[in-house]
Amino acid sequence: MSETLLQTDGLTKTFGALTANDDITLSVDRGEIRGIIGPNGSGKTTFFNSLTGFYTPDGGTITFEGTDITGWEPHKIARQGVGRTFQIAAPFENMTVRQNMLAVQTPKDVDEHERAQEILEFLEIDHIADDDASGMSGGQKKLLGLGRVLMLDPACILLDEPTAGVNPALADRILDHLRELNDQGTTFMIIEHDMDVLKQIVDTVSVLDQGKHIVQGTFDEVSTDDRVREAYLGSADDEEVPI
Amino acid sequence: MSGQQQTRSDPPVLRAEGIVTGYGDHEVIHDVTIQSHEGITCLFGPNGSGKSTLLKTLNGIVPIWDGTITYGDVDLSNAKPDEIVKEGIATVPQGGGVFGTLTVEENLRVGGFTVSDQDAYARRREEVLDAFPALEDKLGDRADSLSGGQQMMVSLGRAMMTGADTFLLDEPSAGLSPALVEDAFELVERLVDRGARVILIEQNVKAALRLADHVNILVAGELAFDGSPDELSDESELMEVYLGL
Amino acid sequence: MVSTDLLAQSIVNGLLLGGIYVTVGVGFALVFGVLEIIDFAVGEYVMLGAFMGAIVAPMVGGEGLLVVPLAFIAFFLVGMVIQPFLHHVTTGDRPMPLLMGLVFTFGLAIFMRGSVLTIFGPNTRAVPTKTLEGGIDVTGIGTFPEVRVVTAVVGVLALVGFMYYLYRTTGGTAIRAIAEDRDIARLMGVNINRYQSIAYGVYAGLTATGGVFIGLIYSAGPGMGLQYTAFAFFMIVLAGLGYLPGIIVSGLVLGLAQSLTAIYIGGDLVFFVLFGMIYLLLLVRPEGLLGKGEVA
Amino acid sequence: MGAENDLTVRDRLQGLLDRDDSHLWLFGIGTVVLALLPLALNTFWTRIALGVLLWVGLAQSWNMIGGYAGYLDFGHGAYFGVGAFVTGIAMAELELPFIAGLVIAGAFCAVLAYAVGVPTLRLSGAYFAIATWAFAEAMKELALIVEITGGTYGMTIPTGADSSGIPFVGWPDEMFFYYLMMALTLGTIVLAYWLFEHSEFGFRVKAIRDHEDAAQSLGINATKIKRRVYVLSCVIAALFGGANAYYITFIHPNDVLAPIITDQMIIMALLGGLGTIGGPIIGGVLIFLLNRMSSLFLGSTTLYLPLIGLLIMVIVLFAPSGVVGILRGEVGREDVKRNLRELGEKFNIL
Amino acid sequence: MGGGSDRGGDKFKFGVVTSLSGDLRFGGEVTRRGYDLWKKTVNENGGIEIDGSKYEVELSYADAKSDPSTGADAASNMISNESVDAVLGPYSSNVTLAVSPIMEKNQTPHITGSAESPRIWEEQYKHTFGTVPTVTLIARQAAEEILSLDPAAESVYVSGVNGPFSKATASAMRNAAQNKDVEVLAYDLNPSDTDWTSVVSSAKDADPDLHFHGGHIGSHVSLLKAADQLNYDPNGFFCHYGVNTSSFKDGLGANAAGTFGATVWLPGVERTGGKLFGSAADYAEASQAEFGEAPDYTQAGSSAAGIVYQQALEELGAAPPLSDSQKSKLVSIIEDIEVKTFYGDVSFDKEGDFYHNNTSTSPLPIQLQDENEAVVVGSSASASEADYPVGK
Ligand SMILES: Nc1ncnc2c1ncn2[C@@H]1O[C@H](COP(=O)(O)OP(=O)(O)OP(=O)(O)O)[C@@H](O)[C@H]1O
Ligand SMILES: Nc1ncnc2c1ncn2[C@@H]1O[C@H](COP(=O)(O)OP(=O)(O)OP(=O)(O)O)[C@@H](O)[C@H]1O
Ligand SMILES: [Mg+2]
Ligand SMILES: [Mg+2]
């Protein structure tokens, strides 16, 4: 029996008249890779923002490792063990790549410099460690985002479209890294539009539509679900899943 | 005036020859030659290889250090973006780049900025709404309230308003859900059906390859491949290393 | 005992004072919100306008009002010429381009103020008018100073005109598009140099025009600009950044607060109360009085 | 003087600058030079050097919150002024020695800055800038109407052998203040270097500046860190305010709480180079000297004012990365040409 | 330190620290004219006579920018680098209060021809002197005379700027009214750049016979304009300082006429006269010739400060440059000096609240009349008839 790591119960977030997250109940097990999909504007990023404390939910609770973290400030949630990346890469532009890593509030007992070096090597961006972060290409910025969150050493990492705009060859490498980390015990939630990518990596997929959590299941279950095909994949009449 | 309502006839060739450029002292593009072929010319390459930069030399945002850019027999080397638009070359920037605080109607109006003839303007607006009927209801809405796919329609429609016959598209499908990715590519095809030429940057290589009439691969600021999709399929190493295929 | 006459009069005073602030705030809101220029020289355009009034009015028969159109045209042209410099320092590969604009206009302000002081000396000068003298007594309400009434009307008209231009014309739409993304606006064929220059020229012209009126109301002196610079900044945040119509509200609120404080709380407390109020309002309503500003 | 000779000197200097420990060298040499300087200067030049130190320190203190943390504090001068008045009140009303007054001023401003920082740092961008500006103006007005500051008559600070609180130093004169200012300024620079350039704390501060959300998602407590930087930078300004008050002996709200105090700090930091240690130093030296020298030596004309204005504009136009850029030699003939060409293009307005 | 003689020794060198820019630039400009005119006239006469030889006068200027720190540095520069023999003082009391301690430290004499705030004299600086009587005296005495005009005022509204000089002025005006048993309807202080319609509205509501206002010229202009705009029309306005300056007249235009002011000197007054310029009228003529502008009392007081130095140096009898001990001696001489000038008899108090202030020149109430010419009104022998109630 696997252990529940992160759980939301009736999570709701509204912006004026718009309900961006509507009563979302969902749980993720330790060691799982969970895909989150849904049409543009269905509330995926909002969901992540609520989970990580950037939005205060209008209703519902968030539980992480048995602790109720609803309404906590972002840095506390991060220190508790929920890390994330951003849909739009957010490097600290006026610092070097290494300084980006060192800025992270790491757990007390680790040697930050050593750890930063290890991670940069792991992600194969150690050769630009002392260059300015602003000069990196789009894909490298995504890798740096991942590297920074690894410095935190969180139990659970939320990734918002880690491969969007990334060259397929590089995307493959990112996926390899994720799998490796997952083998070492890290739990992931991944927002991703690329079905190819999802198929390769996720254990289960949750689907949001208009703020609601409509379906959950394995990739195959979800990709053949009629509601998903209609709301998301867009070609319910096609035989093939479009890629 | 060129570029005015003569889309049906084959548009002139946009050709960049021996382009060298970069930012500050940092050279990004090293002597690259590409041109707009009939239909869709795809531009692939790793992140940071200079695709967007090359495109921006074509639309005048990034000045070139060396080389020439011609459109038919018009020399456009280091011409200003507004002059280039008037020649009939329109851009859909990376991420769509709609003016979020403007309404859809106003986005179209800015697109038709260079069109002084009221009739031509009205006609073109009709064409855009024909192509994207979904926009009709949204004309008065702020563009940033639209979904990603709708925003892409606005961006394409806005580019069409300029009356261009050559389109430069920078990753129009990025960040879109699979249904919208399809829509986006359909829209691109529709442009071509209208007789336009398109230069298309894409990371969604598989889908883009299905449409491509010609392929360029840019690696580290140099052209690694220039040929038809069929020729590309012979280059398995290129395909694997740079396109992940 | 509060006299109702005095209360009515102080409300009139406050509203008309607000009208003065509106004339200064309108153009500034445009350059800040739309061109994203933090212009420290705003008060100096007021000063230059007032000075132009003082110097030119005697040449046109001692009528300051005749200087108004001249000041607009003259400073429209000045603004057109200054804008390319500002554009240059706020773009390109500079670190913190926006702040470089701030320093540049700070230098510009010192230059303008210092030049006027050096050329014309420190004296205060009147901007004469024969048309707008004294006030109109309205029984039961109070006295309406003619020149202040005209000023307030001009301020509000300018705002309406601006709004019309920005939201109803293609040129105005282009300016708003530039505000969002200069490069993409260029890709739509907009000559951004031209439209930014127009916007800045209109701002400079309008602010200097406001200066002529302020000269008519008070007088012209080389150091008068500073306080208007401060007020222009305060007004646009109270209005809500990027929300033009808010300028009327913030102007009137500031004017009324100033007038009522002076009469009912104490003249020496005016600015303490005013600035304290601005500070607290920002803490409570960071998106401006009407809550319609962009949160930066 | 041969050009070749020049070159080698410059090369050697460049070599020194390029070394990893160059800042240590520079700092060491600088400290020694500064310490010996008053021995070579007359009273007036000592005062000028003292003024330079004061303003370098103030610009550096602004740079902490404005440059490193990215919060444009338009009201920083308030702490300079409040520090001056608290020191003055402690000395004049409570008859405490200067050192005690200075400590009280620091403590008072720490509390004030904390109380102000908590609500104000929730604002950002222009809202923060203008809220702090309004706050500073309110403080000035307050000082003008309450009695304890002397109101609009200002306050004269007691001087005399026993007022400093430091044994062995008699009548406080320029030397005393010079070394006091030197200690404060070097202390500020060392602190700024150590905190912002040499520790994780500094990376976190910059991380918040560059992308506050991302920083928080990485476990950085942005609220706390911003507050610390704000309080620290304000306390430093207050200490300079207190020291300057005792030095100048007469303080008035219109002078020590004037908005121009803040403006100068900002311009110095910006022109020198924001968010660097060297920027405020260079900006402070340059702007202070320019300002003070021109008003003292250009006699009975105010022509220097427009010239200073012009000079600031020209620097911004041609030295994109501030005066630091000029010193680094980024403003060669080619750069100026390119700059002019690009500027020319922006005149294409028809 | 200080007073070194590394400069040419054939001239007396004076440092002038005054505010040519900043808030108090009007007054600074006026003092500059006063000092310049004195220098020019002395030098035209060949200079200051010491033991039969004449030494010309040289002025070295610095702009204090109305800023005490700058003023203090300027003073220090005068002593350390310029090696001046003496200093002519700043305009503005704040700068004076920062400069005076420097003069004490360096034991260099310092006369200000303009600062009027009583604060300066309270500090009892040994080396600082002032030729213009403190405003406490000027404003009070002038106010009392204006209150005596017929028909005698029964009520007065006192307003003023909340600044060191202005507040002292307004408070002196209030004291005058209280002394004369006239009802003070309000004592209304405001920031200098406030909008004066509030004050005018309150005053109009209170309906006083007279309106007194203490401030600098800019605030007078704004106040009187607001009064005009709001149809506020008491029997008269009394504004101090500066109703007979060009800045006031230019600022108000036609509305300037009728305003009362105070002065200690006018071109038309009869003074004992004497040294350098002869009569007040001669001085005015010289000023007109030099600057095309009639002098006011600040300018006259500044020129008089020069004359005091001239007299004191002659008494000292030492050729330039002065040594430290000669400077100290010069201070003692100035302390005891009595000199008759076009400006009036100048001597300095030796004790009390007005220590080192020249309180012997008596104040005069004035009114701007036809063609904006200021005339003395009130009870003095040379007084003209006041236009009172004004415009009625
Ligand atoms: N801060 C906000 N204020 C107001 N509306 C918001 C805000 N953030 C998100 N929204 C709205 O909430 C809805 C959900 O947005 P969200 O960004 O979560 O979608 P998404 O699923 O991540 O879409 P995409 O796949 O395009 O990234 C959208 O309609 C969006 O406009
Ligand atoms: N404005 C700029 N200033 C400085 N360097 C830049 C700028 N824009 C791009 N670069 C650099 O130029 C190189 C090419 O960037 P470009 O954006 O053209 O790449 P790309 O091929 O479009 O990448 P991607 O697929 O990630 O969009 C990169 O190294 C990038 O860091
Ligand atoms: Mg999203
Ligand atoms: Mg790109």
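About 2900 Å² is buried between chain E and chain D in this predicted model, with carbon and sulfur atoms giving 49% of that area; buried area here is the accessible area (1.4 Å probe) that two parts lose on being put together, summed over both. On the chain E side, Asp73(E), Lys105(E) and Arg119(E) lose the most area to chain D, together 19% of what that side buries. In terms of contact (heavy atoms within 4.5 Å), 35 residues of chain E meet 36 residues of chain D.

Four salt bridges are counted between chain E and chain D, a salt bridge being a side-chain nitrogen of Lys or Arg within 4 Å of a carboxyl oxygen of Asp or Glu. Asp73(E) turns up here too, in a salt bridge with Arg292(D) whose closest N and O atoms are 2.4 Å apart. Polar contacts were taken as pairs of N or O atoms within 3.5 Å; within protein, one atom must be able to donate a hydrogen and the other to accept it, and residues adjacent in sequence count only if both atoms are side-chain atoms. By that rule, 16 residue pairs (both at pLDDT 80 or more) are in polar contact across the interface of chain E and chain D.

As for secondary structure (DSSP runs numbered from the N terminus; helices are H or I, at least four residues, and strands E, at least two), at least two residues of the side of chain E that touches chain D come from each of strand S3 (53-63), helix H2 (68-80), helix H3 (93-106) and helix H6 (164-179) of chain E. H2(E) has the largest share, with nine residues. Sorted by class, that side of chain E has 15 nonpolar, 11 polar and nine charged residues. For these classes, Ala, Val, Leu, Ile, Met, Phe, Trp, Tyr, Cys and Pro count as nonpolar, Asp, Glu, Lys and Arg as charged, and the others, Gly among them, as polar.

Elsewhere, ligand 2 lies between chains A and B. Of the 16 residues around ligand 2 (a heavy atom within 4 Å), Gly135(A), Gly48(B), Lys51(B), Ser52(B) and Thr53(B) come nearest. Helix H1 (residues 51-58) of chain B supplies the largest share of this shell, three residues. The shell splits into four nonpolar, 10 polar and two charged residues. Oxygen atoms of ligand 2 sit 2.8 Å from a backbone N or O atom of Lys51(B) and 2.9 Å from a side-chain N or O atom of Asn47(B).

Residues are numbered from 1 along each chain as its sequence is written, with chains lettered from A and ligands numbered from 1 in the order in which they are written. The model is predicted, so local features need pLDDT of at least 70 and side-chain atom pairs count only at pLDDT 80 or more, while totals for chains, interfaces and linings use all residues; side-chain values use heavy atoms, with hydrogens and water left out.
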